[in-house]
Amino acid sequence: MTTPLISNTISFVKQQLEGAEAGHDWWHIERVHKNALNILGHEKNANRTIVELGALLHDIADAKFHDGDEEKGPEIARGFLLQQKAEEEVIQATEFIIRNISFKGGKNDGIEKSIELKIVQDADRLDALGAIGIARAFNYGGFKNRIFYDPAISPTDYADAKAYHGSSAPTINHFYEKLLLLKDRMNTKTGKRLAEDRHRFLQIYLDQFFAEWEGKK
Ligand code: ADP
Ligand code: NI
């Protein structure tokens with residue numbers, strides 16, 4: 001059942017993300033929302049409203065498209081939810097998801113996660129894997145004018161989130177620096193199961209990519 005709060009949030013997000021890079025646009029949000037509802041169906045004790053708001057608002061002002069400003073997303077979400085007369089508890093739980101969802105080179109895993117954050121983070125990570133994950137990575141690389149691959153540039157274990165986001169490495173490196181690490185960082189049982197399938201698909205894709213690179217297939 002879609003409540004007025006959720007349908008108003010959907011309209012707000014669609015309008016806010018108009019013209020966004022294709023990997024972080026409304027369609028990414030819609031996919032994450034669907035993934036999140038799928039995972040939620042297998043989880044007890046999670047608050048549906050918070051999961052839906054977190055999924056819908058998690059990239060409302062992604063810091064990497066706003067000069068690294070980490071506060072902008074939570075601020076816009078709070079402003080919108082206040083307008084909607086959402087309860088303070090719901091606003092805080094949504095802000096918590098927006099603040100803590102990001103991978104940031106894998107250096108953000110120390111916090112105590114709420115079940116709602118676990119679900120939305122898994123839902124977002126799934127969209128970085130599989131066929132869609134590949135499309136998103138190359139689109140982002142193109143958006144940043146990055147090359148596909150350079151055999152001389154090895155993947156890097158970045159020291160912190162700043163170094164990770166400042167990197168201009170080839171897009172294939174991102175598979176090793178982030179995408180292939182995600183399956184072992186999933187929070188929920190359902191997320192893990194889905195991630196394993198999508199992970200296998202990445203491996204098949206990479207095998208084919210390197211064979212073609214060498215003119216072997
Ligand atoms: P973060 O990694 O900053 O937490 P996101 O979860 O928003 O960021 O990253 C989302 C997606 O953006 C990635 O799954 C990938 O598709 C794309 N992306 C981010 N950084 C890169 C990169 N360096 N190369 C290719 N794609 C990238
Ligand atoms: Ni996202």
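I am working from a predicted model.

**Entry 1: where ligand 1 sits**

I looked up the pockets first. Ligand 1 takes up the space of the largest pocket. I then checked which elements give two or more residues to its shell, and found α7 (130–143) and α8 (161–166). Helix α7 supplies the largest share of that shell, with 3 residues.

**Entry 2: who surrounds it**

I listed the neighbours next. There are 16 residues around ligand 1. K64, S102, R146, Y164 and H165 come nearest. I sorted the shell by residue class and got 6 nonpolar, 4 polar and 6 charged residues.

**Entry 3: polar contacts**

Y164 places a polar side-chain atom 2.8 Å from an oxygen atom of ligand 1. For K178, an N or O atom in the side chain is 3.0 Å from an oxygen atom of the ligand. H174 has a polar side-chain atom 3.5 Å from a nitrogen atom of ligand 1.

**Entry 4: salt bridges**

I turned to charged pairs in the protein. I count 11 salt bridges, taking a cut-off of 4 Å between nitrogen and carboxyl oxygen. I picked out one of them, between the side chains of R31 and D127, at 2.7 Å from N to O. What does this pair tie together? R31 is in helix α2 (residues 26–40), and D127 is in the loop between α6 (115–126) and α7, so the bridge joins parts that are 96 residues apart in sequence.

How values were computed
Residues numbered from 1 in each chain as written. Chains lettered and ligands numbered in written order. Predicted model: local features only at pLDDT ≥ 70, side-chain atom pairs only at ≥ 80, totals over all residues. Heavy atoms only, no water. Near = heavy atom within 4 Å. Polar contact = N/O pair within 3.5 Å; in protein donor to acceptor, adjacent residues only side chain to side chain. 1 Å grid on protein atoms, 1.4 Å probe; cavity = no way out; pocket = protein on both sides within 12 Å on 5 of 7 lines; lining within 4 Å. Sits in = over half its atoms within 2 Å of the grid points. Helix = DSSP H or I, 4+ residues; strand = E, 2+ residues; numbered from the N terminus. Nonpolar A, V, L, I, M, F, W, Y, C, P; charged D, E, K, R; others polar.
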